[in-house]
Amino acid sequence: MATRFRPYEPDQMALMPAKPSDWLPADHLAHHVRDIGDHLDLEPFYAPYAGDGRRNSPYSPKMMVTILIYGYATGVRSSRKIAQRLHEDVAFRMLAAKNFPAHRTICEFRRGIWRTFGTCFWRWSRSRGRWGWFGSGRCR
């Protein structure tokens, strides 16, 4: 009897689900990080952009903060590595929602918001009263 292989068609259309969030299991850390981004008070991150009349549309501070949180939670701290992961890693891609900021953009954003980020995250963690999203054992 001949061996029967599963179909392998790399050029197949619609191979991935329509929603990027469906690419990952429901309990994946990226979903928890996205929830954190949804609940952080990010008003201080938007304030520097108010009324400055920029011609180029900057990346959403919410997206930038979310990919930074996920990067730090998974041990990816380098701006260059985060930018690379945005192209290669499904979880980073899902969190960035089809955005691919360059490493320099990530670095400049991080440099500009570091103190504000710490304060925001500290307030959120105090309001939650626990660090339950680290309980999966994936953040070491």
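Visitor: How many aromatic pairs does the structure hold?

Guide: It holds 2 aromatic pairs, counting rings of Phe, Tyr and Trp (its six-membered ring) with centres within 6.5 Å. This is a predicted model, where local features need pLDDT of at least 70 and side-chain atom pairs pLDDT 80 or more, while totals for chains, interfaces and linings use all residues. Residues are numbered from 1 along each chain as its sequence is written, and side-chain values use heavy atoms, without hydrogens and water.

Visitor: How do the rings of Y70 and F92 sit?

Guide: Their centres are 4.9 Å apart and their planes at 80°, so the pair is edge-to-face (planes over 60 degrees apart; under 30 is stacked, the rest tilted). Y70 lies in helix α3 and F92 in helix α5, so the pair ties together parts 22 residues apart in sequence. Helices here are DSSP runs of H or I, at least four residues, numbered from the N terminus.

Visitor: Are Y70 and F92 buried or exposed?

Guide: Both are buried, meaning under 20% relative accessible area; exposed is over 50%, partly exposed in between (1.4 Å probe, protein chains only).

Visitor: New topic. How many salt bridges are there?

Guide: The search finds 2, each a side-chain nitrogen of Lys or Arg within 4 Å of a carboxyl oxygen of Asp or Glu. K62 pairs with D38, the closest N and O atoms being 2.8 Å apart. K62 is in helix α3 and D38 in helix α1, 24 residues apart.

Visitor: And which residue does E108 meet?

Guide: R104, at 3.8 Å, N to O. Both lie in helix α6, 4 residues apart, about one turn of the helix. R104 is exposed at 59%, whereas E108 is partly exposed at 47%.

How values were computed
Helix = DSSP H or I, 4+ residues; strand = E, 2+ residues; numbered from the N terminus.
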